Amino acid sequence: MKRKLAVTSLLALALFVAGGCELDEDSVYVRPASYVAPAIGKAAPEFKAVDTYGKAHSLSQYRGKWVVLEWLNHGCPFVKKHYSNDVMQALQKKYAAKGVVWLSIVSSAPGKQGHYSNDKANDLTKEKGAAPHAVLVDESGTVGRMYDARTTPHMFVINPQGTLVYMGGIDDKPSTRASDFKDARPHVDIALQEAMAGKPVSVATSQPYGCSVKY
Amino acid sequence: MKTPERLPDLQIRSTPRHLRAVAAAAVLVVASFAASAAHGEAVSTPHVRAELLLEKPSVAPGESFDVALRMRMKDGWHTYWKHPGDSGEPTDISWNLPPGFTAGAIQWPYPQKIILTPLTTYGYEGEVMLLVPFKAASDAKPGTTARVTADAYWMVCEKVCIPEEVKLALDVPIGAGPVAPSGPAASAFASTRAKLPMPTDDWKIAASEQDGQFVLRIDPPQDVALDGNVQFFAASGPLIEYSAPQTTSVDGGVVTMRVKRSSYLTGAPKRINGILLAANGARGGGPAAFEFDVPFTAPAAGAAAPTDAAATTAVPPTLLVALALAFAGGVILNLMPCVFPVVSLKVLAFVQSAGDDPRRVRAHGLTFAAGVLVACWALAALLLALRAAGEEIGWGFQLQSPGFVAAMAFLLFGLGLSLAGVVEVGTALTRLGGTGSSGYRASFMNGVLATVVATPCTAPFMGAALGYAMTQSAGTSMLIFTALGAGMAAPYVALSAWPALLRFLPRPGQWMVRFRQLTAFPLFATVAWLAWVFGHQTGIDGVLRLLLGLTLLALGLWIWGQWVTLSAAERTKWTARTAGAGFIVAGLVLAATSAPAATAAPSSTPAEGIAWEVYSAESVAGHRAAGRPVFIDFTAAWCLTCKVNERIAFSSHEVQQLVKARNMAMLKADWTNKDPAITRALAGFGRSGVPLYVLYDADPAAQPRLLPEILSPGILLNAFSEVK
C-alpha cells in the first residue's frame, strides 16, 4: 500500500514537472482507435478554434459557404516559396472575392517553428499581404490531428454542404524552388474552379508536401 | 638465453627510424597530391559539409567514370532520398561541364526511414555519397585537367527544414589511359556501390490490391535468400502510407508484403515502384536493396495465404496449418501443469478399469473425448458470443476474473481432498457421476474438467492456432477448437482403443490406494498456484480469505466424509450433510467477498539485473524513437509457461549483461487482469494468448521479431546479440 502510494506520488510529480517543462522531443502521439480519417465525399470533421484576434470559429458556422483550410508555418521553406512569390496571397484574394472562407491554421506547438504570439501572427499576415478570412491558432494540434494535417502547406476544400471535395498538396510540384511554379498544376485553384462551377473535381487528392507540421 | 633473442628487435627498432619518417612523409606528400586531384574543396554550410570526389587519380578521354557528391550532415540532421516520403525535398545537382563531358542522373544509395511521428520520410543521416555517372570528352587532352562545377541544392532537416545551396568544384585530371581506382575515396565508392539498389529483372514480383492494402508477392531467384526482415520504400507518391507498418511473411523463399494504401491516392493505381531493403539480403550477409517497377494485377486466384513459420512472423497460419497446430497443442496440453493433475485422475480411472471389458474401456475413452470436445465447443461458443458482444477477449480470459480463479481453487482442493481420502472416494465420484458401470458420467465430467482447467495454459503451437481462430469466422473458430479438443483427448482414445497398450499398465492392487493419494499432491500444487494468481488479482488479504475459505471447505468435506456413510442413521447423515454444506458455502462466501486489487501492479518476477518497465504503446514508441532496442514480455500471473520462462531465461546472468550492454528497453505487459490495451496489442501480433515475446531492433524502421513461446537463455542470447 505504502509502495503504491509512493509510486503514484512520484508519477504525479513527474507528470507535473513534465507538464511545466517545455518538452524538447516531439511528444509521441497515439491515435485513438475511434479515429476516422477525413475522406473525399464525406463530411469534413467539425472543429472549433480561436483566431489571432480571439474570435471563435467553427466549421459548422460556415455551412452554406465554400471553405478552404490552409495549414500554415511561415518558417517553412515550402510555405515561403508560396508567400514570397505572392502565389498564396493571390489565391486567397481571388477566392475571397468569390465569397470563399479561407482559414489559415497554425498547428505549431508553443516553442516550435511557425508558432507566434497573436500580435506577431497578425503582423506577419499584414507584412506578407495575406488575405485569409482568419488565422486560427491550433497550439494543441487538435484540429491538425483531426484532419491528419501532415505538412505545411496542406490544403482542404470543403463545399457549402460541409463535404470535403479536395485534400492534399497545393500543387503538384513538391519543391521549394520558385522556378517550378510555371510547370505546376495548381490543384487547389483548379479544384475550386471546378467545384464552384458544379463540375466534378478532376483531381480530388494529391500528395501533400512541405515541412512536417510542428505538433 | 634471453639476450641474444632481444638483439634483433633492438636492431630493427633503432636503425631505420629516420628513414621510416622520411618514407612516411614522402607517402603523405604523394597522397596529398593524389587526394587533391581526387576531390574538390569541401564546402561547409551550417549543417552539411559537402565535396565532390573522384574515384581514380585520372580519367582517360572518352572514359566512363563516377563522381560522388559526399554530404556529411551534422548530428541529428538529415537530407532526402530521390523520393522523400511524407515531407522533404530530394538533393539536386546541376552541373557546369567542360565541353564534351556528360553527366547522368544521381544514383541513390538506399535510404533509411526517418520517423517524425506522424510522418515518415526517406533520407540519409550522418553521411551519404550520391554517385553520378560521367563520361569524359573523347577529345580531352591527356595531361590537362578538366574543371567540373556544380550547383548542389538540398533540404536539410532536423526538426525544422533548411534549404541550402552550395557551389562545388572538382578538377578531373586527364590521363593517357584508364587507371584503377585508388586514393582515399576509392573504398568509400566501393561501399557506396554496395548500397545501390540492384535490378530485379529475373525476379517474379506481383502487385495487387486487397482491402485497402497493396499486396506484393516477391519471388527472388535461387541466389537471393530473403527473410522476413524486409522494408518497402515507395519511389513515388501518392501510393503508400509511409508511416503504416508493413507486414511481411515468408513462405518457401517467397516474401509477401502488405503495405497500406495512401489516403491521398484516389482510384486504382497502375504501377508500383520503389526499392525493397532486405536487412539480410546481401550475399555475405548484411543489407541489400533491390529496385522494381511493376504493374498492378488482379490478385492471383488461390494465392497462398502466408503460413506461420514457427512464430518468426506476425501473420496467422492457413486453416490446415492452424488445425494441425491446434491438434498438436492439444496433445501437448496434457503435459502442462494446469492439466496434468486432472490427467492423473484420468490415468487412475484407466488403471482401475484395466482389468475390465476392453469395449467398455474404449467407450470410457470416447466418453472422455466427448467431454473434452463438448467443453471445447462450449468454450468456443462463449468466446464467440463475447466477441460478438464487442468484448475484447483472448484465450485464457477466464482466469482474469478472480471469481473464476477462486472457484477453480475450491474445485481442485475438494478433488485433492477426496483423492487423499478425507472424503470417501466412492462418495466423491458419485457426486460427479454414476457408480460402477455408469461411470461414463465420471469420464465425461473428467473430460470437461480437463478442458476447463486447461484454459489458462497456452501450450506450444496452441497460441498461434487460437490467435488465428479468434480472428476468423465462427465456423472456422469452432473447427480449430475441435482440433484442439481432439488433440487433448487423443492420448486417451488411443490408450482405450488399443487394449494391447493397456497390458503395460499394472494390475490393480494396494498400490492403487497410495497412487490415488499421491495424485492429490499435484492438485494441491495447482491450488497453491491459483492462490498466487488470486493474490495478484486481489492482494494478500484476498489470499488470506481464500485460504480460510479452503480451510472451511476442508472442514465441511471432512464432516461429510466422516458421518455421511452407508451405515449411518438417516438423521446423522442429514445433520452431517447440512453442517458440511454449511461450512463449504461459508468458505465460498468468504473467498468470494475479496475485492480485486485497485491497480494491477506489474507481476514482477525477481529477475535481478533486468529493470522491467510497465508496457505501454507510448513507451515502446518513445524507446524506439530514441534508438533503443525494445523487448516486450507479454505475460500473466496465471500463465505458468510465462513464469517458467521468466525464471529460467531471464535470470541468466549473461542475458542480463547483454541487456545492459545493448541498452535494451525491457517492457512487461501484464495481462493478469482484463487489460483491453494489451489484448489489442496481442491481436496486433496475431495472438490472443500469452506468452508472447516481441523483439524490436534499435533501427526505428525495423519490423518486430517474435521469439518462441518456450525460452531458454540460449535463445535470448542469440536473439539479443543480433540486435544492433
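Select B:Phe233 in this predicted model, and then B:Ile275, its bridge partner in β17 of chain B. The two strands around this pair, β14(B) and β17(B) (residues 271-278), run antiparallel and are joined by 5 bridges.

As a general point, strands of a sheet pair through backbone hydrogen bonds, either parallel or antiparallel.

**A covered strand in chain B**

Next, select residues 119-125 of chain B, which make up strand β8.

To see one facing pair, display B:Lys113, which stands opposite B:Tyr122 of β8(B). With 2 residues between them, β7(B) and β8(B) form a hairpin.

Then select β4(B), residues 78-85, which pairs with β8(B) in the antiparallel sense over 4 bridges. Here B:Tyr80 is found opposite B:Gly123 of β8(B).

**Helices of chain B**

Select residues 319-333 and 474-497 of chain B. These are helices α4 and α11, whose axes come within 6 Å and cross at roughly 35 degrees. The crossing of α4(B) past α11(B) is right-handed. On the α4(B) side, the contact includes B:Leu319, B:Ala322, B:Leu323, B:Ala326 and B:Phe327. On the α11(B) side, among the residues that make the contact are B:Leu479, B:Ile480, B:Ala483, B:Leu484 and B:Met488. What kinds of residues does the contact of α4(B) with α11(B) contain? They divide into 16 nonpolar, 5 polar and no charged. In general, an α-helix has 3.6 residues a turn, so residues three or four places apart point the same way.

Move on to helix α7(B), residues 402-420. Its 19 residues reach 26 Å from the first C-alpha to the last, close to the 27 Å expected at 1.5 Å a residue. This helix is mostly covered, as 14 of the 19 residues of α7(B) are buried. Just after α7(B), select B:Gly421, which takes a positive phi of about 105 degrees.

The last stop in this chain is B:Gly582, in helix α15 (residues 570-592) of chain B. Why does B:Gly582 count as partly exposed? The reason is its number of C-beta neighbours: there are 14 inside 10 Å, and a residue is partly exposed when the count falls between the limits of 12 or fewer for exposed and 20 or more for buried. Display B:Gly556 as well: B:Gly582 and B:Gly556 are 26 residues apart in sequence, while their C-alpha atoms are 7.1 Å apart in space.

**From chain B to chain A**

Display both chains and turn to the contact between them. Chain A contributes 26 residues and chain B 24 residues. On the side of chain A that touches chain B, the residues divide into 12 nonpolar, 11 polar and 3 charged.

Now select chain A alone. Its secondary structure comes to 6 helices and 9 strands. Of its 215 residues, 38% are buried. Among contacts in chain A between residues at least 6 apart in sequence, 76% join residues at least 24 apart.

Within chain A, select the open sheet of 7 strands, whose order is β2-β1-β5-β4-β3-β7-β8 and whose pairing is mixed. At its edges stand β2 (56-58) and β8 (164-168) of chain A, each with a single partner strand, so one side of each is left without a neighbour in the sheet. Neighbouring strands of this sheet are turned by 30 degrees against each other on average, direction ignored.

Inside that sheet, select β3(A) (residues 67-71) and β7(A) (residues 155-158), which run antiparallel and are joined by 4 bridges. A:Leu69 has A:Phe156 of β7(A) as its bridge partner.

To finish, select helix α6(A), residues 187-196. This helix lies across β7 and β8 of chain A, running at about 170 degrees to β8(A).

How values were computed
Residues numbered from 1 in each chain as written. Chains lettered and ligands numbered in written order. Predicted model: local features only at pLDDT ≥ 70, side-chain atom pairs only at ≥ 80, totals over all residues. Pairing = 2+ DSSP bridges. Contact = placed C-beta atoms within 7 Å. Nonpolar A, V, L, I, M, F, W, Y, C, P; charged D, E, K, R; others polar. Axes fitted to C-alpha atoms, helices over the stretch in contact; angles between N-to-C directions. Left-handed = near helix turned anticlockwise from the far one by under 90°. Expected span 1.5 Å × (residues − 1).
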